[in-house]
Amino acid sequence: MARGREEFDFVMIKPSHYDDDGYPIVWWRTLIPSNSLAAVNGIARDCVERHVLGRDVKINLVTIDETNTHIVPKRIARDIKRRGARALIGMIGAQSNQFDRTLDLAREFRAEGLQVMIGGFHVSGCISMLKETPPEIQAALDIGWSLFAGECGVGRVGEGLGG
């Protein structure tokens, strides 16, 4: 912990998707950054500036775009636990073709005891357009993941936390 302050990590991950052989697609260099990841990071920075978790909590923001970064959930979890921090893993901007990968990453983080939230186009579309909850969304709810319609928009993040 930093100088007696409690630490809270908000790890924002833009998941990739699987190729035809079942491997996550990761590029050495990408030309277009994730707009969803940037937008949620901006909202989170506002929460940091407003001290939504209190002035005694240091909020660390971590952004990872899996299309250009190899993600190892056990390593991320080990670092969080080593520092004695609490954390929320946010799966950001998950599209339908990325949802299987999103769920696989989320399962690994949950297995490490970390809270996970998932937002993005797939969740938003399913919630707003379908009469019944699809099996993959229901499975996420049953495991205890938090789902966001949209990208955890303004007015949602920090709500109920003094923000």
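Two strands count as paired if DSSP finds at least two bridges between them. In this predicted model, strand S1 (residues 6-14) and S2 meet that mark with nine bridges, in the parallel sense. One of these contacts links Glu6 to its bridge partner in S2, Val57.

The pair belongs to an open sheet of five strands, ordered S2-S1-S3-S4-S5 with parallel pairing. Strand S2 and strand S5 are the edge strands, each pairing on one side only. From one strand to the next, the twist averages 20°.

Here are residue ranges for the strands:

| Strand | Residues |
|---|---|
| S1 | 6-14 |
| S2 | 57-65 |
| S3 | 86-91 |
| S4 | 115-120 |
| S5 | 146-149 |

Now for the packing. Helix H3 (residues 99-111) lies on the sheet and touches S1, S3 and S4, and its direction makes about 165° with that of S4.

The largest nonpolar core has 25 residues, of which Ile13, Ile80, Ile89, Phe109, Val116 and Ile118 touch the most other members. Elements giving two or more residues to this core are S1, H2 (73-82), S3, H3, S4, H4 (121-129) and H5 (135-143). H3 provides the largest share, five residues.

Which residues is Phe109 in contact with, leaving aside its neighbours within four places in sequence? They are Ile13, Ile71, Pro73, Ile76, Ile89, Leu114 and Val116.

There is also a second, separate core of 13 residues, and Met12, Leu37, Val52 and Ile59 are among them.

How values were computed:
Residues are numbered from 1 along each chain as its sequence is written. This is a predicted model: local features need pLDDT of at least 70, side-chain atom pairs count only at pLDDT 80 or more; totals for chains, interfaces and linings use all residues. Side-chain values use heavy atoms; hydrogens and water are left out. Helices (H or I, at least four residues) and strands (E, at least two) are DSSP runs, numbered from the N terminus. Axes are lines fitted to C-alpha atoms, for helices over the stretch in contact, and angles run from 0 to 180 degrees between N-to-C directions. Contact means heavy atoms within 4.5 Å. A nonpolar core is a set of buried Ala, Val, Leu, Ile, Met, Phe, Trp, Tyr and Cys residues joined through side-chain atoms within 4.5 Å. Buried means under 20% relative accessible area, exposed over 50%, partly exposed in between (1.4 Å probe, protein chains only).
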